[in-house]
Amino acid sequence: MASLPAIANNSDIRFLGKLLGDVIRAYGGDALFEATETIRKASVERHRDVSEGRVADHSAVDLGLEKLGLDETLDFVRGFMLFSMLANLAEDRQGIAAEDGADLASAIAQLESEGIDRAQIRALLDKALIAPVLTAHPTEVRRKSMIDHRNRIAELMALRDLGRDTTPDGDSVDDAILRQIALLWQTRVLRRDRLYVTDEVDTALSYLRDVFLPALPALYQRWDRALGERTPSFLRPGSWIGGDRDGNPYVTADSLRTALSKASEAVLGYYCEAVHALGAELSISTEHAPADAAVQALADASGDDAASRADEPYRRALSGIYARLAKTHDALTGKPSPRPGRLTGEPYASPTDFRADLVTLAHGLGTALKTGGALGRLIRAVETFGFHLATLDLRQNSAVHERVVAELLQVAGVEEDYLSLDEDARVALLRRELANARPLTSRFTEYTDETASELAIAQAAADAHAAYGPACIANYIVSMAQSVSDLLEVNLLLKEVGLYRPGETPTAAVMAVPLFETIGDLEAAPGVMTAWFALPEIATIAKTRGHQEVMIGYSDSNKDGGYLTSTWQLSKASTALKPVFAAAGVGMQLFHGRGGAVGRGGGSAFRAIRAQPPGTVQGRIRITEQGEVIAAKYGTRDAAMTNLEAIASATLLASLEPERLSNADNASFSAAMDKLSDAAFHSYRDLVYGTEGFRTFFRQMTPIAEIAGLKIGSRPASRTKSDRIEDLRAIPWVFSWAQARVMLPGWYGVGRAIADFEDKALLKDMAQGWPLFASALANLEMVLAKSDIAIAERYAGLVEDEKLREIFTTIRDGWHQTHDGLLTVTGQSRLLEKHPALDASIRLRLPYIEPLNLLQIELIKRRRAGEDDPRIGEGILLSINAIATALRNSG
């Protein structure tokens, strides 16, 4: 084995680690501190001995974990978890996750060097949309209170970077950091109650309000300078939280209204404070600068007749603007504005009207004042966030729509048995109904709870359009979409509330978006979309809109067919959709349903976007952001700006860069991937779905049952009460394998595929010259580096049946085969040899994760043996939390 280089010292980690040690000693006592230090040093030394070949494996050195009592175990696990959290913070600050060229200025420079001029860049941005979409998928194990303390430490560390000894409040910076770590130590880690949808809404709002609202206008100012002119507002956030009903019975019309109302309250409150601040800033007097006529008209109409401001038209105009904005706040939220005033005014009918008044002020200012500044940032914010803050998607499973439409048609006397109709008959019937202005529903009819709920959601969406404007809800995602009728059913529901209007030129205020999730669905996607655009009314709507979105699911396709096949089928589906959209004359907008873990599409977003097939990005892309990824990417303003700019620059490059592969290379590489994918698919399916007893093996080897106790989301872990893997959601599937350090969804099957492929030289060429394959291998390599097959074998010992336990031999052999194959293709002597920063990051964590795994295994054994001490259950949940924190992207 190649010797490993020393892990580069990170001064922040040393500093924060020392403070954590001081806190543990002060609040936990000398005995806990000494026990923790002894285990830490032994684990670090053991990993060093293994890496340098002095011992064969980790089992050769005793860590002394058995000496810990249950109370000490809980404290020890908390300590290691907090170290991992602080190490994550330190690495984020040191730029571990930053990537070369992941900024707009670099992207523009690169495109210009390749013959793409700024006019072409501007033309793309004029029609572009980039949207990170926050979801409530349950992969964030940390409580918001923990994250808040972490973010406060980040702010204090930034002051330390500037050489500041004291905070603005006069506290010593180092003492303030120590206090925050002490608060972390004394903050409860685990949630006592399950999360409700309103909790998830509030969490998302904290990021949108506190980070996105101030960060995006500032980021646009940077982009304006890079482009040399004002850039269009092409990057806007989205959310699923409060509108995603797929498998979550707790999302209702009420939760949708709550999500929209709270978002509007947040953004309008922000605007009110910004306008108030502008009133203090724009003290321009007509004694020194004559007022523009339009500004004077705003001032005169404001109702502000204070003698002290008679010569200050901007302040008077802003008084009137604030009065109207305050009335808008009252009308949309039902609550008074943050600073109620004496003036009154009519509410703004739309964000466009509010922006128009602000632009009038900007145009009236002198050259030095009219661009940028607080007024410019506010104008940008209104363009970006409107009165709704973030566009909220609706989502529901196609099977639900099918049942609801069947009931509506049956009750209305249109079709007695819609469910028995074939696809052609369904499409014909739905098109007839969509062309008919007559409603299907009646307020005098009692519907089943499911149908009533779906109708209420649709009505809430229509009410939201009337209140907040059409940008508040623009997309309706159809999960498990497999046919044209799945999309037409959504339009039929929307027609009942006026969001789809028939006529000579039909309109749809909300776009029906198919989500293709399984391998079979991805293969069928081009055919479904061809049939969709063949409907004249649909083609008219799509052409008028200018684009049609298709969502592609990484999680379920991976669970269905394995990592490599999922990656390739997603790419092939995107490529195959391109000519379908071109023939229809409609722009293609892909929505990538990615998770945090590689098994759910995680990894570098910058690299992933640049690896998209040529011609498939087209300046428009939406990407889900969820769980622990939200906190990591958007926990602070600086982190958010870095990650948002990476997405924007990657989208620009992927849309405009010339294709790098020749036709011959593209053909040979694609043929090779077909072969690799087929071999990996069969290997994965044989193990997961073809091995007798695998379901039992999985549920006993991993902490899947224990994970349910974390209470990290409002949504149930399975779509049904079945314990089949097919019915298990992708998140707990991936999360469980990560806890057991197998990471199986992120690599299994690839080793067999590489071993069976004879032309290894071609694979090496693909790794060097094809971004898709290089990105896939990079993510695979990270997964392998975070896995530990020796620890995993200990988890396999939890399987009760000795014969079933033998399944692990297949997994272990597959891991080694994948490991060796990866090194061969990438030309390395060890994992991450060519990625030293990531290598150091992961190896820093390993000595802290292994004791947590070993303690978790022991606690699970005791719990499953019938011990009912509540500290055992708490210890398991704490260990799950700690391991997930250390692994970072485990869900």
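**Salt bridges and a helix crossing in a predicted model**

Arg 315 and Glu 312 form a salt bridge in which the closest N and O atoms are 3.3 Å apart. The structure described here is a predicted model, and the count of salt bridges in it comes to 54.

- Glu 312, its partner in the salt bridge, counts as buried because its relative accessibility is 12%, and buried means under 20%.

**Pairs within a helix**

- Asp 148 forms a salt bridge with Lys 144, and the closest N and O atoms of this pair are 2.5 Å apart.
- Asp 148 and Lys 144 lie four residues apart in helix H6, which covers residues 144-161, so that about one helical turn separates them.
- Asp 148 counts as partly exposed at 37% relative accessibility, and Lys 144 is likewise classed as partly exposed, at 26%.
- In helix H29, which covers residues 750-756, Asp 756 and Arg 752 are four residues apart, or about one turn of the helix, and their side chains meet in a salt bridge with an N to O distance of 3.0 Å.
- Asp 756 is partly exposed, with a relative accessibility of 40%, while Arg 752 is also partly exposed, with a relative accessible area of 35%.

**A network of salt bridges**

- Asp 224, Arg 230, Arg 355, Arg 380 and Glu 383 are joined to one another in a network of salt bridges.

**The crossing of H28 and H36**

- The axes of helix H28, residues 730-739, and helix H36, residues 870-887, come within 10 Å and cross at roughly 90°.
- Because angles of 65 to 115 degrees count as roughly perpendicular, H28 and H36 are described as roughly perpendicular to each other.
- On the H28 side the contact involves Phe 735, Ala 738 and Gln 739, which meet Ser 879, Ile 880, Ile 883, Ala 884 and Leu 887 in H36.
- Sorted by class, the residues in the contact of H28 with H36 comprise six nonpolar and two polar ones, with no charged residues.

Notes: Residues numbered from 1 in each chain as written. Predicted model: local features only at pLDDT ≥ 70, side-chain atom pairs only at ≥ 80, totals over all residues. Heavy atoms only, no water. Axes fitted to C-alpha atoms, helices over the stretch in contact; angles between N-to-C directions. Helix = DSSP H or I, 4+ residues; strand = E, 2+ residues; numbered from the N terminus. Parallel < 35°, antiparallel > 145°, perpendicular 65-115°, else oblique. Contact = heavy atoms within 4.5 Å. Nonpolar A, V, L, I, M, F, W, Y, C, P; charged D, E, K, R; others polar. Salt bridge = Lys/Arg side-chain N within 4 Å of Asp/Glu carboxyl O. Buried < 20%, exposed > 50% of the residue type's maximum accessible area, 1.4 Å probe, protein only.
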